[in-house]
Amino acid sequence: AEALSTSFRTTLKASPSQKKRVAIIGGGLSGLSCAKYLVDAGHEPVVYEARDVLGGKVSAWQDEDGDWIETGLHIFFGAYPNVMNMFAELGIHDRLQWKIHQMIFAMQELPGEFTTFDFIPGIPAPFNFGLAILMNQKMLTFAEKLQTAPPLLPMLLEGQSFIDAQDELSVTQFMRKYGMPERINEEVFIAMAKALDFIDPDKLSMTVVLTAMNRFLNESNGLQMAFLDGNQPERWCKPSMDYIQQRGGKVLLNSPIQEIVVDPDDGTIQHLLLRSGEKIVADEYVSAMPVDIVKRMLPKRWQNMPYFRQLDELEGIPVINLHMWFNRKLKAVDHLCFSRSPLLSVYADMSVTCKEYKSDTGSMLELVFAPCSPIAGGNINWIGKSDEEIIDATMGELARLFPTEIAKDEKWPATGKQGPMGEAKLVKYAVVKVPRSVYAAIPGRNKYRPSQTSPIPHFTLAGDYTSQKFLGSMEGATLAGKLAAEVIANRAIGNPDKPVKEVQQHIIEAAKTHLAR
Ligand code: FAD
């Protein structure tokens, strides 16, 4: 990560005559990362963000009480090299609040109790991971632990080639193929799958789990988690924007791009059309929009090109992020918790874990509600339900997780009553639905993730879904933006283009058939 960052200021640095004007569509983490590295390389990027807030899936806004509402509960991992590198470069690394090196799981059979994987300081990877699992007595028996290890060994020995080869299998199929004990699904994989991609393990590609595990097994602090010390638009996006603008770039809010206008004969870009009617002409163009929007924005002339047709295989997964304020402190820990409940993925008491949201009098739980539609593995389309129905269902789950603290049958805040045992009272909530979030990493998707280099001259893709070794995540978005900047910086100094990633034969055939019709 650091070497690539440095290259923008050294080997990839453009001379004044090589400087390019670059129009970047989208001010999420990927668009901002792309612009940041382009200014480092001596270029002049302009980020066009549709909304009045930066950050896309990490965006946040204040309600009428001044409380922050976030699009998603976001966790940083030690194994996020590009994010860590960027935080250091922006001088904001002290904004990450690192938590004790531990994973905390709610116990399904023992409501109100938790169990942990503890990583002992000073023990290097992968032994710290192995030991953390061996030391936990509550989740798997010794025999089950022994049965779990051998199928994972090739990942350590063969590395990425083994990991990539498992993309056609779901987690459940992999487990069965390699004889892993069934209980590991309930104990670990459901929690992991829902945390990594908001879907159940029978839907998730095994490559995703192995990629994460591989990073965690190779880096001693890979699984250590951090929370940002406040809302992302101000604490991360703003310093990125300042960095870009101080070095000659621009970041514009409320600037939705309506159309990519191309030459009808050769398909090259003529300009971007802002919704305001303004035309944007640049030397290079980058899409840092989410995949579902890119598909809708494709000029007709490009739609049947195999490179763009493969995007039909990628689709954003729905997810719901909840904020629930209670009138008193719950017995929460200063960490992320894996709920292991059917409705919820991870949650945290942000009044404890995050400096800006600190409160000594009440708790604010931020919870990720997943899976929330049949494509994610659930059998209820929660994304289509009302906020009240979602909160009611969540209160039921919370009553199970905190049996002595949250009452089950209370209707919150409809009656506003204190629970029968003086339990905590829900005083306010906010529900954020994201109908299309990160791409669904169902089996076989990796081969359709497009390279940043596209077949269209001077048009490059960024965004967490593009081809890079991390799945849809803050690290993936940051790296993808950086790789898109690399494509442009390379081209600007006259180096040959990085090749376009090979497109699957069946996509090429389908495109031909379509053309013949
Ligand atoms: P986006 O964030 O989607 O940014 C795209 C931007 O393009 C948006 O700002 C959008 O407004 C803009 N745009 C779209 N169309 C136009 C247009 N026509 N003109 C101009 N602008 C346009 N990742 C982690 O690493 N750890 C986590 O714990 C984690 N938790 C998550 C929890 C939730 C609930 C969600 C939803 C996501 C979570 N993620 C997490 C994933 C992470 O947020 C994303 O992978 C990442 O932020 C994606 O960044 P991006 O720049 O690729 O896309």
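This is a predicted model: local features need pLDDT of at least 70, side-chain atom pairs count only at pLDDT 80 or more; totals for chains, interfaces and linings use all residues.
Good morning. A crossing of two helices is called left-handed if the near helix is turned anticlockwise from the far one by less than a right angle.

In passing α10, α3 forms a left-handed crossing.

Which residues make the contact? From α3 they are V83, M86, F87, E89 and L90; from α10 they are W236, P239, S240 and Y243. By class, the residues of this contact divide into seven nonpolar, one polar and one charged.

I turn now to a sheet. Three strands form an open sheet in the order β5-β9-β6, and the pairing is antiparallel. The edge strands are β5, at 76–77, and β6, at 96–98, each of which pairs on one side only. Between β5 and strand β9, residues 225–228, the antiparallel pairing extends over two bridges. Within this part of the sheet, F77 stands opposite M225 of β9.

Is E284 buried or exposed? Its relative accessibility is 2%, and therefore E284 counts as buried, the cut-off being under 20%. Beyond its neighbours within four places in sequence, E284 is in contact with K20, R21, V22 and A23, with H458, F459 and T460, and with I488 and R491.

Thank you for your attention.

Conventions
Residues are numbered from 1 along each chain as its sequence is written. Side-chain values use heavy atoms; hydrogens and water are left out. Buried means under 20% relative accessible area, exposed over 50%, partly exposed in between (1.4 Å probe, protein chains only). Contact means heavy atoms within 4.5 Å. Helices (H or I, at least four residues) and strands (E, at least two) are DSSP runs, numbered from the N terminus. Ala, Val, Leu, Ile, Met, Phe, Trp, Tyr, Cys and Pro count as nonpolar, Asp, Glu, Lys and Arg as charged, and the others, Gly among them, as polar. Two strands pair if DSSP finds at least two bridges between them.
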